[in-house]
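Me: I would like to learn how to read a ligand site. Please take me through one.

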Amino acid sequence: MKKKERLDKVLSNMGYGSRKGIKQIIREGRVLVNGKIVTNNSIKIDPHKDEVVLDNIKVHYREHIYLMLNKPKGVVSSTDDPTNRTVLDLIDKEYLIFKPFPVGRLDKDTEGLLLLTNDGKLAHELLSPKKEVDKTYYVEVDGFIEEHHKNLFLDGISLDDGYRTLPSHLKILRSGAFSKVELTIREGKFHQVKRMFKVIGMEVKYLKRISMGSLRLDESLGLGQYRELTEREIELLKEKS
Ligand code: URA
């Protein structure tokens with residue numbers, strides 16, 4: 001059971017201002033808790049239960065945010081980087097106040113599904129190697145992918161560093177000199193998909209993540225666009241992780 005929290009801290013964490021600014025707002029009598037004006041800024045509340053109104057507008061409390069980003073090429077999946085634009089540069093201030101971070105990494109030149117959240121517990125569960133969460137990628141490769149390759153991926157591929165990958169599933173969408181496939185892996189080693197294809201002598205030309213666990217990229221999101229997850233998407237992600 002979560003403890004009560006200081007009112008000024010709750011409001012400032014939600015982006016209503018600095019702790020100092022919020023204290024002033026409270027002193028000015030602009031905040032009501034359960035219908036009563038409070039002027040004591042050290043008051044503690046249960047943010048899930050108590051009703052807070054600021055300047056006559058109800059404060060809708062939430063602790064966590066969950067954003068689905070369709071990551072474009074050219075941005076890095078970290079929270080700050082001295083030289084590159086990061087995925088956080090694509091996110092509006094109204095969400096940045098919650099301090100979201102990317103759940104796992106996609107390479108700079110990889111596109112597609114990236115979950116951003118400030119829910120450390122869920123992020124940990126999704127990234128934990130023990131959980132073996134499925135990640136599916138749409139891949140275009142310079143090479144002739146044929147039916148027999150499916151077994152190679154299923155058996156596990158020994159990477160350049162000797163690591164043998166867990167069974168992965170290959171779905172062939174187009175077989176030709178330039179092939180298109182979907183590959184589902186259950187782990188997330190550095191550059192894993194590119195390295196797996198390299199071992200079989202093929203170069204990945206385009207890579208896009210289309211799902212992670214129960215979460216599927218919303219194809220209506222253009223590159224660089226994002227949206228909040230629906231309640232159902234959050235529920236499913238938590239259930240299965
Ligand atoms: N595998 C890769 O090689 N790159 C990614 O960005 C993700 C998976």
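This is a predicted model: local features need pLDDT of at least 70, side-chain atom pairs count only at pLDDT 80 or more; totals for chains, interfaces and linings use all residues.

Reply: Residues are numbered from 1 along each chain as its sequence is written, and side-chain values use heavy atoms, with hydrogens and water left out.

Me: Which residues are around the ligand?

Reply: A residue is near a molecule if one of its heavy atoms lies within 4 Å of it. Here they are L106, D107, T110, Y137, H191, Q192, V193, K194 and L207.

Me: Where does the ligand lie relative to domain 2 and domain 3?

Reply: Domain bounds come from an automatic or database domain assignment. The ligand lies between the two, because domain 2 (66-128 + 218-240) and domain 3 (135-212) both give residues to its shell.

Me: Which backbone atoms lie 3.1 Å from an oxygen atom of the ligand?

Reply: A polar contact is a pair of N or O atoms within 3.5 Å. A backbone N or O atom of K194 lies 3.1 Å from a ligand oxygen. For V193, a backbone N or O atom is 3.1 Å from a ligand nitrogen.

Technical notes. A polar contact is a pair of N or O atoms within 3.5 Å; within protein, one must be able to donate a hydrogen and the other to accept it, and residues adjacent in sequence count only if both atoms are side-chain atoms.
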